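Take a look at the fold below.

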Amino acid sequence: MANASQSAPKTIFTVSSHAQDQDPEETQPSASAVPDAPASSQSVMDKIGNWAPFLLIRTTHPRQAVLTAIGLSVAAVLAGLTTREVTLIAVTVLVGQAVLGWHNDLVDQVVDRRHGREGKPISDGRLEAGGVWFALCCGVLLVIPLSVTSGTVAGLFYLGSLVIGMLANVLLRKGLFSWVLWAAAFACYPAYISYAGWAGETAGGPPHWAMVALAAALGVGVHFLAALWGLVADNEDGWTYLPLKAGLKLGAGKLLVVTLVYIAVVIGAMLYAASAVGLRA
């Protein structure tokens, strides 16, 4: 130990002396030695973007999930539900929409891979399908108790909407009646809000028929909006569903405008009906 402590200062002195003899320009770090900040930042972003939990969130179709949760939460507030009941509904819907998103991407992974669709972690190999199936099963086990916590009747209506939504991922989606299951799934939402209570106790009563009809009409509009981004690929695959037929006649741009106007009109009609007749019958 004594010899090691004596030799260290000599080594430092030698290095310092050598540095003084060098030309100042030679002591400047080379361009290759300076770390590339943008590249380093991009590397960090790549790591975050390929982090499994983040990829799972991307696979839930997060925009649709958040918008659906906000919409039903607003409906719950307008229906007079308490803060904790509204919060429960928001969390339940987020979990339920995650289940639907995972199921959709699992069903479509072969088609997504064939068309090279971006932002699809399952089809591009960044997520294992088995891991997503596991997440989906966990989501189902979570959304069932969450749903019935709002009341047995309310929970059954929401779970029914999820079952219909998953069926829409595999049935009727390629033909002219693709809108039917979307309408049926959305038609369950007014009953979910209307019967919702707390701690498993059913509150309220059946929804007004006008709200059910308008919710079904909204589901058709959302179906058109969701389908717009895949019209070209679906046409190549020979699908004949209604949004594609309309897109071929109007063009994607005009169809988007018509769809947004339609959705706005339906939402306006729902707000008017809520003020005129209320949510419940």
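Predicted model: local features only at pLDDT ≥ 70, side-chain atom pairs only at ≥ 80, totals over all residues.

Residues are numbered from 1 along each chain as its sequence is written, and side-chain values use heavy atoms, with hydrogens and water left out.

The protein chain has 15 helices and 0 strands. Here helices are DSSP runs of H or I with at least four residues, and strands are runs of E with at least two, numbered from the N terminus. Of its 281 residues, 40% count as buried, meaning under 20% relative accessible area with a 1.4 Å probe, protein chains only.

Now find helix α10 (residues 178-187) and helix α12 (residues 209-227). Their axes come within 7 Å and cross at roughly 130°. Axes are lines fitted to C-alpha atoms over the stretch in contact, and angles run from 0 to 180 degrees between N-to-C directions. The two helices are therefore oblique to each other, the class left over after under 35 degrees (roughly parallel), over 145 (roughly antiparallel) and 65 to 115 (roughly perpendicular). Residues in the contact (heavy atoms within 4.5 Å) include Trp-179, Trp-182 and Phe-186 of α10 and Val-212, Leu-218 and His-223 of α12.

Helix α12 also packs on helix α14 (residues 242-250), at an angle of about 65° with the axes 9 Å apart. His-223, Phe-224 and Ala-227 of α12 meet Leu-242, Pro-243 and Ala-246 of α14.

Technical notes. Buried < 20%, exposed > 50% of the residue type's maximum accessible area, 1.4 Å probe, protein only.
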